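I opened this structure for the first time today. These are my notes, in the order I looked things up.

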Amino acid sequence: MKKLFRCLLLMIPMTGIFAVADDLPPNMLWIVTDDQRADSIAAFNKMLGTSEDGASRLGKVLSPNVDRLAAMGTTFLQTYNQNPGCAPIRTLMHTGRYSHRTGIYGFEYYTPVDQPHWRPFFPHLLRDKAGYETVGVGKLGVRALDHTVGKRALNIPLYDTFLGYRRELASAGLTDWNREKPWSNGAPGPAEETYFFPDGSQLFWNEGSTDDDRDIIAERLDLLRHYKPEGEGADGEILGGVNSRSPADTRDGNFVGLLADHLDHPGIAYTDRLGRKQTGPNPDAPLFAYCGFDFPHTPVLPPAEFRELFQSFEYVIPQFTEAEFAAFPQQLHKLFQNAGTDHFSDEEKHQMIADYYAFCAYGDSLVGEAINQFIAFSEKQDRPWLILYVCGDHGWRLNEHGMVAKFSHYDTDLHNPIIVASSDTSLFPAGKVVTELTTFVDIAPTFLEAGGIDTSEPAFDYLDGFDLSTIARGQGPRRDYTIAEPTWVIGPRGVIRTKRWKFAMKLKPRYQPGAEMTWALGASLEEVEPTLFDLEADPLERNNLAFDSSYAEVVATLRKKLQNILLGDGRIEVAWTRGGNDEVFTSGFALGADDGALTVPEPLETTSE
């Protein structure tokens, strides 16, 4: 146990700020975790006033390394993502543009090369306009294809050097778990899960596995899988269990190892742990490094020492009532069918929570390692540095609203704070907490500006976000709201959020590019399946006020603004194919609607005479 606490606590140096040559462009590190809830970070819980000791509403969390990063830099506490699904939100982050400006709403593969509305991914701009060398490792999740290679479209390379993800690591046995869908005659076959053990052995969970085979795996790793109330579908996502490998040997552990090996060989040829010939970063060029962690995305499998600690903690299990379910819009019923957990036992729900937070604590130790490595690398180069940490590409429910997973309009899915730390503390002051509304479209302009690219030039008018350093200094534009557009699983739905109000509604009858793009304008309130939450009175979003006549003006104001932005301010929908030259549909009846300004009237019941 002492070894575990050393791993948890001794990662990021206390000082964190070093003298560097300020006239050089900074090395930059971008860390993105996967499916991580905001309340898994103790520092955020303290900032939000959830608890004095950093516990979440559900119970104990441990995040000493991210806590210390927050002390070193500026926390953008009220940051929200705009599309709570891995693929669409990662495209949004890499472009700095909302989904309705790119036409990427879900998990579609897309070929953007020939599209006139498309603009470059920001790592390409750092390379081409600012001379950055770029390197990536881990999960990318961007499904952009290059059809110019012929019939077989290839993924567009986002980074000059890509060090690997699950498939590459699995081929060398450098992981704990891997899942692939074998292809036959152009169609995906059944998923095959492979579990890797320290002695080099492997176990498989696939269509051909016997019940005995599966029982061996489930018992050996104490797996908790998602299942349906009838007991069917027990091959679902793994919501809890113990990892088969040591902390350094998981897929996430190897992501950090691959990045560390690369940073340890500046300008030097070396052979990486996958047996490939590589050359480390050019010492004469600034480096942009991306690390896309898998944790705490399913399978939720924390290493044994972390899991053991968290099993000793007690957690509050979120309650779900028939009244809340009765108020669900039909779009949420689709999600509940896939992700409902109210039939799980309290013991199973407790395991989900404890194992999830244990996995986050393990990941925190890896984040600390990556940050240490990057600062040390930059120090050796005598070059300034900047680190931007995103707490989850989106969040994750732990039985809130009777469900796990993401894809909804709730803050559990959409709230993902960002921390930016820099050797230049005039840009991002140490220990500062910004409570202005910020969004994931702010990530791209922040990196571009830090790299010396002036995004105020007309050529960058397409960016939907702002440089976070200007917001940290109180010089950036103020937002009265954020927007989001969850589409995958539940169907097209829009969200607009102020600090007090959260309104969501159905945007289209179905996800079909170009079809009924303005349907919502003429639809009745009942047809758009609205939800309205007063976040001051109801922070857990359980009481839907959308049909209460006292809130009619609030609903009308938020609905009009949301419809104008998502449906009329330059909306793009594309019938994406793998062949390119795809048909594009546009809507522009409210150009300029996304101006950041919104005044919401008081509900009738609180209006003073």
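**Two cis prolines.** I began at Pro299, which sits in the loop between E17 (residues 287–292) and H10 (residues 304–310). Helices (H or I, at least four residues) and strands (E, at least two) are DSSP runs, numbered from the N terminus. The peptide bond from Thr298 to Pro299 is cis, and its omega is near 0 degrees. Pro296 lies in that loop between E17 and H10 too. The bond from Phe295 to Pro296 is also cis, with omega near -10 degrees.

**Ground rules.** I noted that this is a predicted model, where local features need pLDDT of at least 70 and side-chain atom pairs count only at pLDDT 80 or more, while totals for chains, interfaces and linings use all residues. Residues are numbered from 1 along each chain as its sequence is written, and side-chain values use heavy atoms, with hydrogens and water left out.

**The whole protein.** I counted 18 helices and 29 strands. The radius of gyration is 23 Å, close to the 25 Å that the globule rule gives for 609 residues, so the protein is as compact as a globular protein of that length. That radius is taken over C-alpha atoms, and the globule rule is 2.2 Å times the number of residues to the power 0.38. Along the principal axes, the C-alpha atoms fill a box of roughly 70 × 60 × 55 Å. Of the 609 residues, 61% count as buried. Buried means under 20% relative accessible area (1.4 Å probe, protein chains only). I then looked at contacts, meaning heavy atoms within 4.5 Å. Among contacts with a separation of 6 or more, 72% come from residues 24 or more positions apart. The accessible surface comes to about 23400 Å², and 50% of it belongs to carbon and sulfur atoms. The areas come from the Shrake-Rupley method with a 1.4 Å probe; for residues, only the protein chains shown count as cover.

**Helix H4.** How many of the residues of H4 are buried? I found 10 of the 10, so H4 is largely enclosed by the rest of the structure. The buried residues include Cys86, Ile89, Arg90, Met93 and His94. Their cover includes strand E1 (27–32), helix H5 (99–102), helix H6 (122–130), E17 and H15. Just after H4, Gly96 takes a positive phi of about 75 degrees.

Thr95 belongs to H4. It counts as buried at 3% relative accessibility. Thr95 and Phe122 are 27 residues apart along the chain, yet their C-alpha atoms are separated by 5.9 Å. Leaving out residues up to four places away in sequence, Thr95 touches Thr102, Trp118, Phe121, Ala444, Tyr462 and Leu463.

**Asn81.** I next checked Asn81, in the loop between strand E3 (79–80) and H4 (86–95). Asn81 is buried, with a relative accessible area of 1%. Beyond residues up to four places away in sequence, its contacts include Ile89, Asp393, His394, Asp413 and Phe440.

**Helix H15.** In H15 (residues 443–450), 6 of the 8 residues are buried, so H15 is largely enclosed by the rest of the structure. They are Ile443, Ala444, Pro445, Thr446, Phe447 and Leu448.

**Packing on H13.** The axes of H3 (residues 64–72) and H13 (residues 346–381) come within 7 Å and cross at roughly 45 degrees. That makes H3 oblique to H13. Angles under 35 degrees count as roughly parallel, over 145 as roughly antiparallel, 65 to 115 as roughly perpendicular and the rest as oblique. Axes are lines fitted to C-alpha atoms, for helices over the stretch in contact, and angles run from 0 to 180 degrees between N-to-C directions.

H9 (residues 251–263) packs with H13 at about 5 degrees, the axes 10 Å apart. That makes H9 roughly parallel to H13.

Asn399 has a positive phi of about 80 degrees although it is not a glycine. Asn399 is in the loop between strand E19 (397–398) and strand E20 (404–405), and it counts as buried at 1% relative accessibility. Glu541 is not a glycine, but its phi is positive at about 60 degrees. At 2% relative accessibility, Glu541 counts as buried.

Notes:
Buried < 20%, exposed > 50% of the residue type's maximum accessible area, 1.4 Å probe, protein only.
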